[in-house]
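Hi,

Here is the structure I promised to pass on. Have a look at it first, and my notes on salt bridges and nonpolar cores follow below.

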Amino acid sequence: MRGLVFLLTLVYIATAQHQALIDYLERRLLAIEDRISLWQEQTTRYASELRELKQQMVSQLESLDKEKETIRMTLDGVGTRVDRVERELDYLETQNGAQPCVDVDDRLIEQQVTLVKEKQKAKYFKLTDCSDMISSIKAMKILKRVGGPKGMWTKDTGRTSGRVYIFNGTAEDTINEFATVQDFTRSLGFSLSTDLKIPSSWKGTGHVVYNNHVYYVNQAEEIRVVKFDTENKSVTDSVVFPVQDHVPVYGLNPETVMDLAVDEEGLWAIYATRQNERYISLAKMDSNSMDIEQMWDTNCPRENAETAFVICGTLYVVYNTKQPGRSRVQCVFDVNDLVTNEEAPLVYFPKRYSFHSSLKYNPQEQLLYAWDDGYQILYKLSMKKKLEI
C-alpha cells in the first residue's frame with residue numbers, strides 16, 4: 001500500500017513539473033510573438049518614414065533645380081542687359097562724342113565734324129551682288145483664311161528651315177508655328193500648329209523670322225527690337241531702337257510703330273519719327289549684333305501707306321489707290337541710288353478684300369507673304385535687273 005502511494009506521489013510530481021514546463025514554454029512563445037509583432041510595427045513605421053523622407057528629398061531636389069534654372073536665366077538676362085547697355089553707350093558715344101578735356105584747335109574740331117558728316121553720307125556698302133527689282137506681280141494665290149483682320153505670316157527667310165509662323169493680331173504673345181506650308185494649308189484653323197510663347201507681347205505687324213530667330217517689335221515707353229531663338233525658346237538679344245519720338249510708320253496701319261524686313265542683304269528696319277513725320281525712314285541692322293549700320297530719310301510719304309518691304313536694298317512702299325480693292329507700289333527708295341520713282345515700273349496688286357496689314361518678302365523664293373483681312377496670300381514676283389531700266 002505504501003508503495004502505491006509513493007508511486008502515485010511520484011506521478012503527481014512528474015505531472016506537475018510537466019505542466020509547469022508547458023506553462024513556461026507558452027509564456028516564452030507569447031513573449032516572442034509580442035516581440036515579433038513589435039518588430040513588424042517598427043519596421044513598417046521605419047519604412048513609411050523612409051518613403052516620406054525620400055519624397056521630401058526628391059521635392060527639395062526639384063525645387064533646387066528650378067531655383068538653379070531661375071538663377072541661370074536671371075544671369076543670362078543680366079548678361080544680355082549689360083551687353084545692350086554697352087552697345088547703347090557705344091552708340092551714344094558715336095553720336096555725341098566725348099567732351100574734350102583739353103583745349104583743341106578749332107580747325108581740328110572742324111575737320112572731325114566734316115569727317116563724321118562724310119561717313120554719314122557714305123555710299124552703302126553692299127553685302128551681296130543682288131541687283132534685282134520688281135517688274136510685276138506674276139501670280140496671286142490665296143492659301144487660307146484664319147485669324148483676325150490684321151496679322152502677319154511668313155516663312156523662315158533663312159536657308160535652313162521651311163517652317164511657317166503666324167502672328168495673329170497686333171498685340172499678342174503666342175506665335176503659331178507650322179512645320180511646312182502644306183501643314184498650314186491643310187490644318188483646320190491652328191490645329192496642326194505648335195504654340196510658341198514669347199516673353200513679351202509684340203506690337204503691330206512688323207516682325208520677321210530669319211535663320212531660326214524671331215525678330216519682333218515691342219513697345220512700352222520706348223520701341224524695342226527683341227531677338228528670340230525658336231530652337232532654344234529664349235531671348236538672345238534685345239535693343240532699344242536709338243531714335244526718339246517715333247510715330248506709326250504707315251498711315252493706314254497705325255498699330256505698326258516699326259516694320260522689320262529681310263532681303264538678300266539681311267535685316268532692315270522701316271520707321272518714322274516726329275521730326276520727319278511726313279516721310280518714311282529706313283535703317284540697315286546687323287542681324288547678329290542688332291547694331292544700326294546706316295540710316296536713310298526717304299522721300300516716301302506715310303500718308304495713305306499700307307505697308308512696305310525691301311528687295312535687294314530697295315524699299316517698296318505700298319499705297320491704297322482710289323480704285324476699289326486695289327493697291328500699288330507708288331514709292332521706291334534705293335540705298336544705292338540705282339532706282340528712282342520715275343524709273344520704277346508701276347506695280348499693281350490684284351483685287352483684294354481690304355488692305356494689306358503686312359507684306360513679307362522671302363528672298364529664297366522671291367515671294368511676298370501677305371495678310372489681307374484674315375486671308376493669307378502669296379504673290380509671285382516677276383523680277384528684272386536694275387541696270388536694265
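Let's start with a pair: the side chains of D132 and K385 form a salt bridge, with N and O 2.9 Å apart. (By salt bridge I mean a side-chain nitrogen of Lys or Arg within 4 Å of a carboxyl oxygen of Asp or Glu.) This one links distant parts of the chain, since D132 is in strand β1 (residues 132-145) and K385 in strand β20 (residues 375-385), 253 residues apart. Strands here are DSSP runs of E, at least two residues long, numbered from the N terminus. D132 is buried at 15% relative accessible area, while K385 is partly exposed at 38%. For those words, buried is under 20% relative accessible area, exposed is over 50%, and partly exposed is in between (1.4 Å probe, protein chains only).

Before you read on, two notes on the source. This is a predicted model, so local features need pLDDT of at least 70 and side-chain atom pairs count only at pLDDT 80 or more, while totals for chains, interfaces and linings use all residues. Residues are numbered from 1 along each chain as its sequence is written, and side-chain values use heavy atoms, with hydrogens and water left out.

Back to the charges: the whole structure has twelve salt bridges. Another of them joins K360 to D259, with the closest N and O atoms 2.7 Å apart. K360 sits in strand β18 (residues 356-362) and D259 in strand β10 (residues 259-263), so this pair ties together parts 101 residues apart in sequence. Both K360 and D259 are buried. There is also a salt-bridge network that links R163, E177 and E231.

Now the nonpolar side. A nonpolar core here is a set of buried Ala, Val, Leu, Ile, Met, Phe, Trp, Tyr and Cys residues joined through side-chain atoms within 4.5 Å. The largest one has 23 residues, and F309 and F349 touch the most other members. Elements giving two or more residues to this core include β1, β14 (305-311), β18 and β20. The largest share, four residues, comes from β20.

What does F309 touch? Leaving aside residues up to four places away in sequence, its contacts (heavy atoms within 4.5 Å) include I134, I270, Y316, F349 and L368. A second, separate core has 19 residues, among them V208, Y210, V257 and L260.

Cheers
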